[in-house]
Amino acid sequence: MLKTVAIKKKYGNFLVFEDISFEVNKGEIVALIGRNGAGKSTLLGIIAGSINKTYGHVLIEGRDTAKNFDLIRSNVGIQLEKSAFYPHLSIRNNLNFFSNLKNFSNKGLNDILEKFAIHEINKKFSDLSQGMKKRMAIASALIGDPAILLFDEPTVNLDPEGIFIFYDIIKELKSKRKAIIISSHLLTDISNIADRIIFIDRGKIIIDLPKYRVIIPKYVVIRSNYMKESYELLKNKYSDNCVLLQINEIKMDYKNINMEELNKLLVSHDLPPKELFIENTTLKDIFDETRKYH
Amino acid sequence: MKPENIIKFILFEIKKTIFSIGFLSSIILIVLSSLIWVFSQKIAPQIIGGSGYDFVFSSLRFDVNFLFPFLSLIISSVSINYDASMGIIATLTSGYMKREELLIGKYALIIVLFVMIFLTALIFNIVLGGIIWGFPEITEEGITTLSLSLFLPKLVLSSLLPVFSIIALISLGILFSILFRNIIGSISVSIGSFLLLDIIKGFFKYKSFLPTYANDLPFKELNKVIENNLLEFNINYLEIVLIPLIWAFLIFLISYFKIKKMDFHV
């Protein structure tokens, strides 16, 4: 559906990234991960047309968008990192205008507003809370029912209800076979919904893999009211170097642990854990790991 | 390019702009300038002519020669960078509008706004002159019906001709609003360049038009000139029409290539 080929972006002599090539298929959710300043927003801006590329191609259904802006107009919806609408106009007037530019129906717009629980449609954009501005920005990406959706840090500033709504809508969009890119600087943020993860660091894609190959369980974490006793017990049962006592938790190497057995062991010694959960790889782990090879 | 999107954009922007502080300030400025002309007419009628006609045309002369060009340059110089500073251009260019659609839309918008400002000034001056000096003064007595029928087409023509110079100024203002991301910067450069533009061929050629007659001759004397067919409108179309349009086009091209290369961030 969407393909980027060898995209390069430079600001003067400063290279933001180069050789960015990837593909997003219909019904696929790709998480675009990278630190702040890695160029995620710039890359999404290039796909949506607000930012020029220095080199490379963006293809939609095999056709170059540089030669045909209508490909972007009819296929791409983007939620920019910071919501930017006419401040003195209401939600309704703002979204009506943008819908009008894409010949999107009023009914379609009302459905979107309903989905996002945006009820204060006559309120001025400048008077909205950060959370509501974000909801509106996400809602605007759906205008025109585009086949490709780009979300830039969608959950930042979003209230918990908004986050749930967003994830529900993403699932619905996936079921409608939309190609979706979600950028974030937090791996945990989107790891649950993404199918594939692309990491950008130091101006290059350093990982482009299915989620299950990137996000892997790393530790079993135990929080307990009996920390000292639990630690002693586990140290005796397992090898020393796989049990780490930290300030308020015990971390154990996931590879050596069967969670059920571990829980039974603690309970049988009257040391029931308060919390027992798996901690996945973090963004930092992945960066540290990839740095060894780059 | 989608012309219907440009029209939608212009209509939306007009609705939004006519209630904006910038547009209302322009109207207030026009009204204030007319009131100053009323005051001048009252305290020094011998200088301006003393009739209702003289007020209307003196006031319009000032608007056409100074206020409209000045306002067109200032308003157009913040037309793109103001929206860009709020991130709206980034939103618009993200799949909604092509940059050239945006550029043409802004261009046409400012021209439409100036037509509105011009009509407001024209109507306001006539109404104000009518109220103060009496409507017969500016409708029947000043110029005979016969003379008026000869004079009016030329008057309308010479009122429209400044539009070409204003188009050149709008072009320049839009270029400034693309080149300078900072609004204060673009306004300052516009004011500076407004003072220097007289030395560039073609920009201010309309100054030799309609208003000169209003200023040089009281209108009742002008009647005699018209009746005797002595009045000549020496319109040099090359200087008045073509040169400003060439300037406008060249500057528009620079704006076009510049905006194509620009990145719009939020």
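## Basis of the model

Residues are numbered from 1 along each chain as its sequence is written, while chains are lettered from A and ligands numbered from 1 in the order in which they are written. Because the model is predicted, local features need pLDDT of at least 70 and side-chain atom pairs count only at pLDDT 80 or more, whereas totals for chains, interfaces and linings use all residues.

## Overall form of chain A

Chain A contains eleven helices and 14 strands; helices (H or I, at least four residues) and strands (E, at least two) are DSSP runs numbered from the N terminus. The C-alpha trace of chain A spans about 70 × 45 × 35 Å along its principal axes.

Chain A has 294 residues, of which 38% count as buried. A residue is buried if 20 or more other C-beta atoms lie within 10 Å of its own, exposed if 12 or fewer, and partly exposed in between, with C-beta atoms placed from the backbone. Contacts (C-beta atoms, placed from the backbone, within 7 Å) that link residues at least 6 apart in the sequence of chain A join residues at least 24 apart in 70% of cases.

## The four-stranded sheet

In chain A, four strands make up an open sheet in the order β2-β1-β4-β5, with antiparallel pairing; two strands pair if DSSP finds at least two bridges between them. Strands β2 (14–24) and β5 (63–64) of chain A are at the edges with a single partner strand each, so one side of each has no neighbour in the sheet. Strands of a sheet pair through backbone hydrogen bonds.

Strand β1 (residues 2–11) and strand β4 (residues 55–60) of chain A are joined by five bridges in the antiparallel sense, and A:Lys8 stands opposite A:Tyr55 in β4(A). Helix α1 (residues 40–48) of chain A packs on the sheet and touches β1, β2 and β4 of chain A. The direction of this helix makes about 120° with that of β1(A), where angles run from 0 to 180 degrees between N-to-C directions and axes are lines fitted to C-alpha atoms, for helices over the stretch in contact.

## Two residues of chain A

A:Ile222 belongs to strand β11 (residues 217–224) of chain A and is buried because 24 other C-beta atoms lie within 10 Å. Apart from residues up to four places away in sequence, A:Ile222 touches A:Ser230, A:Glu249, A:Ile250, A:Pro273 and A:Leu276. A:Asn248 is 26 residues from A:Ile222 in sequence and 8.9 Å from it in space, C-alpha to C-alpha.

A:Lys123 is in the loop between α4 (106–115) and α5 (130–141) of chain A, and counts as partly exposed because it has 15 C-beta neighbours inside 10 Å. Leaving aside neighbours within four places in sequence, the contacts of A:Lys123 are A:Ser90, A:Ile91 and A:Leu128.

## Chain B

At the interface, 20 residues of chain B are in contact with 25 residues of chain A. On the chain B side, α1 (3–17) and α6 (88–93) are the elements that give two or more residues.

Within chain B, the axes of helix α10 (residues 162–179) and helix α11 (residues 183–196) come within 9 Å and cross at roughly 145°. Their contact is made by B:Leu172, B:Gly173, B:Phe176 and B:Ser177 of α10(B) together with B:Ser186, B:Val189, B:Ser190 and B:Ser193 of α11(B).
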